[in-house]
Amino acid sequence: MASTHSPAGPATQLLDGPTVLPPLGDEVARHRMPRQARTGGPLLGVTAMAASLGATGFAAAGPAAAAPLPAAPVTTPDAATEDSTELTLSADPGLALAARIQQQADGQRTAAEETARVVAAQEAEAKRAAQQAEARAETERTAVTLPVAGYTLTAHYGQAGSYWSHLHTGLDFAAPTGTPAVAVAAGTVTSAGWAGAYGYRVVLTLPDGTELWYCHLSAITTTAGPVTPGTQLGRVGATGNVTGPHLHLEVRPAAGAPIDPLPWLHARGLQP
């Protein structure tokens, strides 16, 4: 007879005949996975993943690789030298100090050169002004002009007449009373005043010592001192021994005896 035993735990049925295992049902089949053979399949999968990732990476890097590289900055020799100098100075404080001292020295030298240039220009201008002044003075010394304007020559040197006790000693320029009588050349007024038969007279002494006498004036306007050509000395009049208004001009070299004024004027380019 068959007997049963029921221990605490899962029930186990003991049979007198051969043990028969129950068939594996769907429940057991669901919990069992078929064993895969150890072949090259997994390696092929890894290779495929790597190839896929590589293709993706190349695809992603394609546009970037195709884009042109940015142009390298162009560095001129001067800029490269300046950059190198700055790096050297920043690395060596002693060189930086020397560079600053040199820069200050260069600035001072530039300022000194500019000052010298300005001084030289001023000296050149002063020299040019002095030369121009000397030229003007020379022109004034050598310039000449006729003693009156709007005149008529009425009596010449050496002419005889009842109006003079001797021969005529000068050249007469007849002109209206008040006509300006001017310096023929540069000189110095050494005398001015009443002179008897000459009436009011002005004596102009030239640098070579020649005296010019302006006689019969109605007025004296310059009484003393240096004058330039054309300076008004007085006005034409009829004072002294005269018959009408005129300027009596005498030329006396070295303050001596009178000479003919006409050739003397001609020798200086004047044509009365």
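**Contacts and aromatic rings in a predicted model**

Among contacts in the protein between residues at least 6 apart in sequence, 57% join residues at least 24 apart; contact means heavy atoms within 4.5 Å. The model is predicted, so local features need pLDDT of at least 70 and side-chain atom pairs count only at pLDDT 80 or more, while totals for chains, interfaces and linings use all residues. Residues are numbered from 1 along each chain as its sequence is written, and side-chain values use heavy atoms, with hydrogens and water left out.

The protein has 5 helices and 9 strands. Both are DSSP runs numbered from the N terminus: helices are H or I with at least four residues, strands are E with at least two. Read from the N terminus, the order of elements is α-α-α-α-β-β-β-β-β-β-β-β-β-α. Of the 272 residues, 21% count as buried, where buried means under 20% relative accessible area, exposed over 50%, and partly exposed in between (1.4 Å probe, protein chains only).

Next come the aromatic rings. A pair of aromatic rings is described by the distance of the centres and the angle of the planes. Rings of Phe, Tyr and Trp (its six-membered ring) pair if their centres lie within 6.5 Å; planes under 30 degrees apart count as stacked, over 60 as edge-to-face and the rest as tilted. The whole structure holds 3 aromatic pairs. In one of them, the ring centres of Trp 194 and Tyr 200 are 5.0 Å apart and the planes stand at 80°, so this pair is edge-to-face. Trp 194 is exposed, at 55% relative accessible area, and Tyr 200 is partly exposed, at 36%.

Tyr 198 and Trp 213 also form an edge-to-face pair, with 5.4 Å from centre to centre and 90° between the planes. Tyr 198 lies in the loop between strand S4 (187-194) and S5, and Trp 213 lies in strand S6 (residues 211-220), so the pair ties together parts that are 15 residues apart in sequence. Tyr 198 is partly exposed at 23% relative accessibility, whereas Trp 213 is buried at 12%.

What sits over the ring of Trp 213, 3.9 Å from its centre? The charged end of Arg 252 does. Arg 201 lies over the face of Trp 213 too, at 4.4 Å from the ring centre. A charge sits over a ring if NZ of Lys or CZ of Arg is within 6 Å of the ring centre and within 35 degrees of the ring normal.

Arg 201 belongs to strand S5 (residues 200-205). Leaving aside neighbours within four places in sequence, Arg 201 has contacts that include Ser 191, Tyr 214 and Ile 220.
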